[in-house]
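Here is a short report for a first look. Please keep the sequence and the 3D view side by side while reading.

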Amino acid sequence: MAKTKVHFEYPMHCQSEILYEYLASAEGLAEWFAEEVVEKGDDFYFSWNGGEPEKATMIRYKPESFVRYRWEVDEGTKNFFEMTIVIDEITNDLSLNITDFADEGDEEEVQQYWDNLIENLQIKLGAA
């Protein structure tokens with residue numbers, strides 16, 4: 001079944017360089033996204049609660065701008081999750097935009113998942 005693309009935006013109060021490290025490195029991702037993250041080239045292995053690692057591949061990135069990953073289970077599809085740093089040209093306010101894919105009817109659950117993750121990230125950054 002095809003998934004629906006969803007977008008979320010979160011205000012962040014930090015520098016883009018610091019935020020990018022939390023999005024694109026195993027060390028940064030392990031601070032807020034998963035319990036353990038192992039990076040092997042473009043492949044990242046995410047573990048939660050001692051379970052089997054789940055593999056995602058970094059398929060696109062631009063330093064201090066965005067990073068896009070595709071879960072192994074989504075290979076062969078157009079599904080991905082992307083975290084984009086956006087700086088408002090007028091106010092200089094920084095926000096983190098999330099693009100993800102959700103099964104039909106699960107959009108609210110996916111939003112709650114990202115809300116919790118980003119809240120953890122904001123606490124780690126002291127940006128809550």
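**Basis**

This is a predicted model, in which local features need pLDDT of at least 70 and side-chain atom pairs count only at pLDDT 80 or more, while totals for chains, interfaces and linings use all residues. Residues are numbered from 1 along each chain as its sequence is written, and side-chain values use heavy atoms, with hydrogens and water left out.

**The core**

Start inside. The largest nonpolar core has 35 residues. A nonpolar core is a set of buried Ala, Val, Leu, Ile, Met, Phe, Trp, Tyr and Cys residues joined through side-chain atoms within 4.5 Å. Buried means under 20% relative accessible area, exposed means over 50%, and partly exposed lies in between (1.4 Å probe, protein chains only). Trp-32, Phe-33, Met-83, Trp-114 and Leu-121 have the most contacts inside this core. Helix H3, residues 107–125, gives the most to this core, with six residues. Helices (H or I, at least four residues) and strands (E, at least two) are DSSP runs, numbered from the N terminus. In soluble globular proteins, nonpolar side chains tend to be buried together.

Which residues does Leu-121 touch, leaving out those up to four places away in sequence? They are Met-12, Leu-19, Tyr-22, Leu-23, Trp-32 and Leu-96. Contact here means heavy atoms within 4.5 Å. Leu-121 sits in helix H3. Its relative accessible area is 0%, so Leu-121 is buried. Thr-99 is 22 residues from Leu-121 along the chain, and the C-alpha atoms of the two are separated by 17 Å.

**Aromatic rings**

The whole structure holds 17 aromatic pairs. Rings of Phe, Tyr and Trp (its six-membered ring) pair if their centres lie within 6.5 Å; planes under 30 degrees apart count as stacked, over 60 as edge-to-face and the rest as tilted.

How are the rings of Phe-33 and Trp-71 arranged? Their centres are 6.5 Å apart and their planes are at 20 degrees, so the pair is stacked. Phe-33 lies in the loop between helix H2 (26–32) and strand E2 (36–40), and Trp-71 lies in strand E5 (residues 66–71), so the pair ties together parts that are 38 residues apart in sequence. Both residues, Phe-33 and Trp-71, are buried.

Trp-71 also pairs with Phe-46. That pair is edge-to-face, at 5.3 Å centre to centre and 65 degrees between the planes. Phe-46 is in strand E3 (residues 43–47) and Trp-71 in strand E5, 25 residues apart, and the pair links distant parts of the chain. Phe-46 and Trp-71 are both buried.

One aromatic cluster includes Trp-32, Phe-33, Phe-46, Trp-71 and Trp-114. Phe-44, Trp-48, Tyr-69, Phe-81 and Tyr-113 also belong to this cluster.

Charges meet rings too. A charge sits over a ring if NZ of Lys or CZ of Arg is within 6 Å of the ring centre and within 35 degrees of the ring normal. The table gives two cases.

| Charged residue | Ring | Distance from ring centre |
|---|---|---|
| Lys-40 | Tyr-45 | 5.3 Å |
| Arg-68 | Phe-80 | 3.9 Å |

**The largest pocket**

The largest pocket has a volume of about 500 Å³. On a 1 Å grid over the protein atoms alone, a pocket is an open set of points where a 1.4 Å probe fits, with protein on both sides within 12 Å along at least five of seven lines; lining residues have an atom within 4 Å of a point. The lining has 21 residues, and Lys-3, Glu-54, Trp-71, Asp-100 and Tyr-113 lie nearest the pocket centre. Strand E4 (54–62), strand E7 (94–102) and H3 each supply at least two lining residues. H3 gives the most, with four residues.

**Single residues**

Ser-47 is in strand E3. Its relative accessibility is 10%, so Ser-47 counts as buried. Thr-57 is in strand E4. With a relative accessible area of 17%, Thr-57 is buried.

Glu-64 is not a glycine, yet has a positive phi of about 60 degrees. Glu-64 is in the loop between E4 and E5, and at 39% relative accessibility counts as partly exposed. Asn-92, also not a glycine, has a positive phi of about 65 degrees. Asn-92 lies in the loop between strand E6 (81–87) and E7, and at 59% relative accessibility counts as exposed.

Conventions
Grid points are joined across faces, edges and corners, and a volume is the space filled by probe spheres set on the points.
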